[in-house]
Amino acid sequence: MTILDSSYFDAPIDRRGSHSLRWEKYAGRDVIPLWVADTDFRAPPAVIEALRARVEHGIFGYTMPSPELGAVIIDRMSRLYAWEVKAEWIVYLPGVVSALYMAANRLCAPGQHVLTPDPVYYHLFRAAKAAPRAWTEVPMIVQGGRWVWDEDALAAAVRPESRLLMLCNPHNPGGTIFTRAELQRLAAFAQRHDLLIISDEIHCDLLLDAGKPHVPIASLGSEVSRRTVTVMAPSKTFNIAGAGMAYAIVEDPALREAFAFDLKKSVHDAGLFGYEAGLAAYRDGEDWLCAQLDYLRANRDLVERSVAALPGVRMVHLEATYLAWIDCSGLGLADPQAHFLAHGLGLSPGADFGAPQYVRLNFGTRRVLLEQAMERFEAAVRAA
Ligand SMILES: Cc1ncc(COP(=O)(O)O)c(C=O)c1O
């Protein structure tokens, strides 16, 4: 039996040569890749076992989600959020990003308008741009040491033709777990202006602070649930993003119909291995998840300590995700990402998220590698 403690996450597993997006980007170079949002951890043993058993079967034809997967998701929503979801509300998808593009295109007619937070995971505003729909990026501000919506700016940005509010909760980047009160205000705002909501909750299990629960905005009540498409996935939580499976939860039948209209023509079904991995992860992966959160918490603390000790860089305390959002404006660099890359660190450029003076550092990696990365980070800061 695998003992789930930090040794599982410390295990040195070489991802080079495994066609990992994250590692191939800098193949052959002395660069520690801390950019795209997956981790360097092996998935839960239960997932590996389930996939092994499925591979042994040897036939990988067209497939469908098992009723058990739906039941596990329904149970999870009820247990974690007291949110009573019905099987027919669930729409399976190959990934969360597809849902963002579908929402911008289908829930918002030409001539209507989208509200997105800024900064944010870039596919939110890119979805509006691709639809194409007019959109306004509403600033997030630091208040009480947390990144939150600037609610005055939100009120100023809404237009009569606004139709869709895009949320990312927990927030990427910035790591905010929005509180029930904050979400209630957003829900009331959506109601006042008759907005639909697409809520990207892919990071909902990566909660690093005790006593700060995730609240799906749709779980606040039927008024908000009726106007919301919630998107979740086991992919970030259990490091199975390559398996390809996500799901939307949409209570209102007309909204579900509009969102999933012609689903087959826009995206492929989720994959067989995604369904298998997702089911095993949700059903049998809780111990692994707890151990992973302990490990990530210690990594987060290491990054926060390192950043706090250095001049010219800063970050607010990260409540969730494994993605540190670091303000480098004190360094006076034209291109912070390029500067860190020159010092052997592959970070995500803040410009992608709408903030060129920031970098995003993925600390979902082995502790020893992260320690080495933070040494490089310090050298880069001191050289700036
Ligand atoms: C907020 C957010 N949404 C969606 C995704 C990607 O989702 P998927 O791989 O399921 O398309 C990411 C990945 O980093 C993310 O951070």
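Trainee: Which elements make the right-handed β-α-β unit with helix α8?

Mentor: Look for helix α8 at residues 180–192; helices (H or I, at least four residues) and strands (E, at least two) are DSSP runs numbered from the N terminus. Right-handed is said of a crossover that runs clockwise from the first strand over the helix to the second, with the strands pointing away from the viewer. The strands that make this unit with α8 are β6 and β7.

Trainee: Before I go on, what kind of model is this, and how are residues numbered?

Mentor: Residues are numbered from 1 along each chain as its sequence is written. Local features need pLDDT of at least 70, side-chain atom pairs count only at pLDDT 80 or more, and totals for chains, interfaces and linings use all residues, for the model is a predicted one.

Trainee: Why is strand β6 largely enclosed by the rest of the structure?

Mentor: Call a residue buried if 20 or more other C-beta atoms, placed from the backbone, lie within 10 Å of its own, exposed if 12 or fewer, and partly exposed in between. Strand β6 covers residues 162–168, and it is largely enclosed because the buried residues number six of the seven.

Trainee: How many bridges join β6 and strand β7?

Mentor: Two strands pair if DSSP finds at least two bridges between them. Strand β3 (residues 113–118) pairs with β6 in the parallel sense over three bridges, and Val114 has Leu164 as its bridge partner in β6. With β7 (residues 196–200), Leu167 stands opposite Ser199. Here too the sense is parallel, and the number of bridges between β6 and β7 is five.

Trainee: Which element gives the most to the side of domain 1 that touches domain 2?

Mentor: An automatic or database domain assignment sets the bounds: domain 1 is 6–43 + 286–383 and domain 2 is 67–284. Counting residues as in contact if their C-beta atoms, placed from the backbone, lie within 7 Å, the contact takes 24 residues from domain 1 and 31 residues from domain 2. The elements giving two or more residues on the domain 1 side are β10 (323–327) and α13 (286–308). With five residues, the one that gives the most is α13.

Terms used. Two residues are in contact if their C-beta atoms, placed from the backbone, lie within 7 Å.
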